[in-house]
Amino acid sequence: MILWLVLTAVLVWTLVYRYRRRRLYELASRIPGLKEELPVIGLAHSVAGNNEDIMKTLQRISCEAMSEDKDGLIRAWLNNLLYFVMVHPADTEMVLKTCLEKDDLHKYIRKVIGYGGIFAPVSIWRRRRKILVPAFSPKIVENFVTVFAKQSEKLVKHLGNGPNTSFNTWPYLNKYSLDSVCESAMGINLNAQDDPDCAFLKAINKVLSLISERIFKIWLQPDWLYRLFPQYPEHERCIKIMHDFTDNVITDKRKQLKYDQETKTKIDTNLGLSSYKNKTFLDYLIQFSGGEKGYTDLELREEILTLAIASTDTSSVVMGFTLMLLYKYPEVQEKVYQELHKVFGDSERPLQKEDLPHLKYLERVIKESMRLFQPVPFIIRKVEKELVLPSGRILPAGSGVVVSLYGMHRNPKYWGPTAEHFDPDRFLPERFTALQASSFFPFSTGPRACLGYQYAYMSMKTALSTILRRYKVLGERESGPIPHIRVRLDIMMKSEEGYHITLQRRIQRQSA
């Protein structure tokens, strides 16, 4: 009797559940799906396996969405969750401008950094965005080039002390990126490049790995269940290290600003805060949010941690892929070097902000690297209201959209038959402007596009130019125009085998 009551209750619940979602099922049936979709679980079995297998599955789905019969949109059920994988430029542009709420999968990284601008719910993001926009103005960002140049010189020194054979550059690039962001964002000389056991950097890398694992392993997702696994204590330990470090920085900054205010002369008061030099993002966030009445310490921590994590990982990934592509295509590397020699000659002077606009070919190389090996290959948004797309398809409320930048950036419909080729000159103005406007956006697009794109380009151009002026990057040349690099999805898309290169010095340093 009890069994029949339970079965009846389950049946009634299922019927009510499906009736309430009848519009979602109706619209979902109009969009073609994948053949391997299974009843109940959908594609859940296809995203099992290690991080490389998961990336291969998502690459395959993205390529399927490019096919003529799918026209840039494909359905993907994940258990009871409905997602659409999208590579159609016009439809994508509308989604990123209209659907501003992040998907629930972001909650796992929110547990680490809170509601920083990138991951915050719309209700929090709108207020934060107004404060972040002026903090990332070009006038402010360009003054951090001196930080990038100083840290790049240190990077080159450490690379020069590395082995004479092939070695993995990831630890070097990762430490450079963190040192740069800590000094520019917090005013802290972390010296991760000189510290093989930097606790803050180790905590960042470990917690990102744990988050990635949790996203793709369903049994690790419920909080109550996660606490029973051995990953949980390590997860909490890393969070504590990151929070304690950032909280101490904020406390010290508050004390410093209070002291400066108390000792400020009348002349200083009249001058105000018009000088941008020697100020950090933390200074600007406090100032633009209203000083002591502005951001709380928690809000400051969320924004600074978001910037530190996003900048460190993204820049390191892009520079790593770029160096690998340059040894695979030595003729491209030689063109980069000739441009650098034209700007710097035989001088080993540090790069200055005035040099950056002249590094046009290097910028094209970086953009082409990001097109083929986008560090953030997927953007996931919620569809909260039924949405009619420019293509005429309708997305139901309650679904999610996976914008595949991997697919967008490799779609031959918009990039031509050489879409898979490594060709920096496709970013020449006369060639790039002829493309579909929304076919390339490595920093997203729409209201929630990344504000730090200029900061990232400046940091990467400074570091790469400093390396390539001193060293020739060697490795096995690619046999054809399509670069083959195994990749995995680990929050960001990374090289599965690391970023291995060999360096050969170009210019002998002058003796002191």
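Throughout these legends, buried means under 20% relative accessible area, exposed means over 50%, and partly exposed lies in between (1.4 Å probe, protein chains only). The model is predicted, so local features need pLDDT of at least 70 and side-chain atom pairs count only at pLDDT 80 or more, while totals for chains, interfaces and linings use all residues. Residues are numbered from 1 along each chain as its sequence is written, and side-chain values use heavy atoms, with hydrogens and water left out.

View 1. Rings of Phe, Tyr and Trp (its six-membered ring) pair if their centres lie within 6.5 Å; planes under 30 degrees apart are stacked, over 60 edge-to-face and the rest tilted. By this rule there are 20 aromatic pairs. Tyr284 is buried at 1% relative accessible area, whereas Phe288, at 29%, is partly exposed.

**View 2. An edge-to-face pair, Trp415 and Phe440.** Their centres lie 6.3 Å apart, with 85° between the planes. This pair links distant parts of the chain, 25 residues apart: Trp415 is in helix α19 (residues 412-415) and Phe440 in the loop between α20 (429-432) and α21 (453-470). Trp415 is buried at 5%, and Phe440 is buried at 11%.

**View 3. Charges over rings, at Tyr25 and Trp415.** A charge sits over a ring if NZ of Lys or CZ of Arg is within 6 Å of the ring centre and within 35 degrees of the ring normal. Arg18 places its charged end over Tyr25, 4.1 Å from the ring centre. Likewise, the charged end of Arg371 sits over the ring of Trp415, 5.0 Å from its centre.

Definitions and conventions
Helix = DSSP H or I, 4+ residues; strand = E, 2+ residues; numbered from the N terminus.
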